[in-house]
Amino acid sequence: MNKKKAYETLKKDDHKNIVLVEKEANYFLDKHSHDFYVDIIIILGSLEIGLSNSNIILSSGSRLKLQKGEVHLQKAGLEGVCFFSARP
């Protein structure tokens, strides 16, 4: 997915603070949560999200929404990952 389309998709849902996030290959962040609702769209690469009862692998064009406080972990794929994240 190209950056413009991903950005416009989040903006259309009334997000105002949209941040570009880039992580290197195999980047890992252990279990954590956010004090805001997560809404991301993958632009390049892949990102694995580990939830309490399943794992989700996101690739270019994938969108993920998580509830505020939802515990998850994340791991970038072999090429790393680039995504837009809507923030409060």
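Modeller: By class, the lining of the largest pocket has 10 nonpolar, five polar and two charged residues. Ala, Val, Leu, Ile, Met, Phe, Trp, Tyr, Cys and Pro count as nonpolar, Asp, Glu, Lys and Arg as charged, and the others, Gly among them, as polar. This is a predicted model, where local features need pLDDT of at least 70, side-chain atom pairs count only at pLDDT 80 or more, and totals for chains, interfaces and linings use all residues. Residues are numbered from 1 along each chain as its sequence is written, and side-chain values use heavy atoms, leaving out hydrogens and water.

Biologist: Which residues lie nearest the centre of the largest pocket?

Modeller: H34, Q74, F83, S85 and R87 do. A pocket here is an open set of points on a 1 Å grid over the protein atoms alone, where a 1.4 Å probe fits, with protein on both sides within 12 Å along at least five of seven lines; lining residues have an atom within 4 Å of a point.

Biologist: Which element gives the largest share of that lining?

Modeller: β6, with five residues. Strands are DSSP runs (E, at least two residues), numbered from the N terminus.

Biologist: New topic: is H72 buried or exposed?

Modeller: H72 is buried, because its relative accessibility is 3% (buried means under 20% relative accessible area, exposed over 50%, with a 1.4 Å probe and protein chains only). H72 sits in strand β6.

Biologist: What does the side chain of H72 reach?

Modeller: The backbone oxygen of E70, at 3.0 Å.

Terms used
Helix = DSSP H or I, 4+ residues; strand = E, 2+ residues; numbered from the N terminus. Polar contact = N/O pair within 3.5 Å; in protein donor to acceptor, adjacent residues only side chain to side chain.
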